Amino acid sequence: MCLIVNPRSFRASRGGLAERAIELARRHDVDVIEAQNPAALSAALDRRLVAGPRRDLVVLAGDGTVQALIDLLVRLPGDLPMPRLLVLGGGRTNLTAADLDGTGDLLAKLEAAFTARRGPMQMRRVLVVEQPPAPARHGFFLAGGLVDETIRACHAWRARGSALRRGHLGTMFYLLMLGIGALLGRPQVRSPRLRVTAEGRGTLEGPMRLLVATTLEHRGGSFDPYAQRATPAGGPRFTAVIKGARRFWRSLGNLLRGRFGAHMTPEGGYLSGGSERIEVWGLNGYTLDGEEFDCDPSRPVLIRGGARFEFLQP
């Protein structure tokens, strides 16, 4: 087993959590990788995975570190066995960890993992996001449209300020400012015009208020904004909603829980469900597990399902 820790991740960096996790790992003779950036993570994984037997990887970090790790693992030579993963939420939002029971008392879950007290396995596929010649990106939750624009604006605002801005309250305050500006007719972020075509679902075009896609199940929470329609096993689910969608604000609560009414159709400005192939035109950027990526709006971006990974339950 090997512990991967990003000591700069939001939760891991608070209260000495990263340091206590590393100390716990060393007491159990567990190898440790301190991954403060993708380059350090890549070099350490090359030494441990390519040259040796398969190891279970325990990750204490945020969604961005998990995304970087998955990107590296899918590029391993095909004759190497893929490691199993256990993801513990050391970041800010921790969507992947929450889907795999990796939140709560993280040190207790680490102790259980190191002493082989683990729950059943879970399988998850990754999202693959492609726009050649850029390399394919791999992750679990993609945001585009106005959601992506808002995430980027929030990242930029936090980066310019004090520790108070970078905390949870700072993020909530900034989102409140964005909401007030929009209500007063002075929006700081705008919905980009996109065309989304999903295999087996149809096409939606217009200023895109919401574009999200995932292979996560969003277990144990109220956030699951996808229509409950036939979905390929473990495949991508997505939702796209244009500005001016019929009865959007009245339907928002149901939308976030995946409860789609009869008016929430492509004709009404909504497109949602499962699809193995989603093509997006007009996209100049997206966030994948909280990491920002730019792209060319004059060419399509393809979102599809990728490799399956085994996840250990803490």
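Which strands do the buried residues of helix H9 pack against? They pack against E9, strand E10 (237–242) and strand E11 (270–274), as set out under the heading on H9.

## Model and conventions

This is a predicted model, in which local features need pLDDT of at least 70 and side-chain atom pairs count only at pLDDT 80 or more, while totals for chains, interfaces and linings use all residues. Residues are numbered from 1 along each chain as its sequence is written, and side-chain values use heavy atoms, with hydrogens and water left out.

## Overall content

The chain has nine helices and 15 strands. Helices (H or I, at least four residues) and strands (E, at least two) are DSSP runs, numbered from the N terminus. Of its 314 residues, 50% count as buried. Buried stands for under 20% relative accessible area, exposed for over 50%, and partly exposed for values in between (1.4 Å probe, protein chains only).

Among contacts in the chain with a separation of 6 or more, 72% come from residues 24 or more positions apart. A contact here is a pair with heavy atoms within 4.5 Å.

Strand E8 (residues 193–198) has Leu194, Val196 and Ala198 on its covered face, and Arg193, Arg195 and Thr197 on the uncovered one.

E8 pairs with two strands that are described here; pairing requires that DSSP find at least two bridges between the strands. Strand E9 (residues 202–214) runs antiparallel to E8 and is joined to it by six bridges. In this pair, arginine 193 stands opposite proline 207 of E9. E8 and E9 form a hairpin with three residues between them, and glycine 200 in the turn has a positive phi of about 85°. Strand E12 (residues 277–281) also pairs with E8 in the antiparallel sense, over four bridges. There, alanine 198 stands opposite isoleucine 278 of E12.

## Helix H9

Helix H9 (residues 248–256) has Phe248, Ser251 and Leu255 as its buried residues. These cover an arc of only 70° around the axis, and therefore lie on the same side of H9. The arc is that of the directions from the helix axis to the C-beta atoms. The buried residues of H9 pack against E9, E10 and E11.

The face turned away from the buried side of H9 carries the exposed residues Trp249 and Arg250. H9 is followed by glycine 258, which has a positive phi, near 75°.

## Helices H1 and H5

Helix H1 (residues 17–27) and helix H5 (residues 106–114) pack at an angle of about 20°, with their axes 10 Å apart. H1 is therefore roughly parallel to H5. Axes are lines fitted to C-alpha atoms, for helices over the stretch in contact, and angles run from 0 to 180 degrees between N-to-C directions. Angles under 35 degrees count as roughly parallel, over 145 as roughly antiparallel, 65 to 115 as roughly perpendicular, and the rest as oblique. The crossing of H1 and H5 is right-handed: a crossing has this hand if the near helix is turned clockwise from the far one by less than a right angle, and is left-handed if anticlockwise. On H1 the contact is made by Leu17, Arg20, Ala21, Leu24 and Ala25, and on H5 by Leu106, Leu107, Leu110, Glu111 and Phe114.

The buried residues in H5 are Leu106, Leu110, Ala112, Ala113 and Phe114. Their cover includes H1, strand E1 (2–5), strand E3 (57–61) and strand E4 (85–89). Alanine 116, which follows H5, has a positive phi, near 65°.

## Backbone geometry in the loops

Most residues other than glycine have a negative phi, and most peptide bonds are trans. Aspartate 29, in the loop between H1 and strand E2 (31–34), has a positive phi of about 55° although it is not a glycine. Its relative accessibility is 74%, so aspartate 29 counts as exposed. Aspartate 101 lies in the loop between helix H4 (95–99) and H5 and has a positive phi of about 60°, again without being a glycine. At 34% relative accessibility, aspartate 101 counts as partly exposed.

A cis peptide bond joins proline 132 and proline 133, with omega about 10°. Proline 133 is in the loop between strand E5 (119–130) and strand E6 (137–139).
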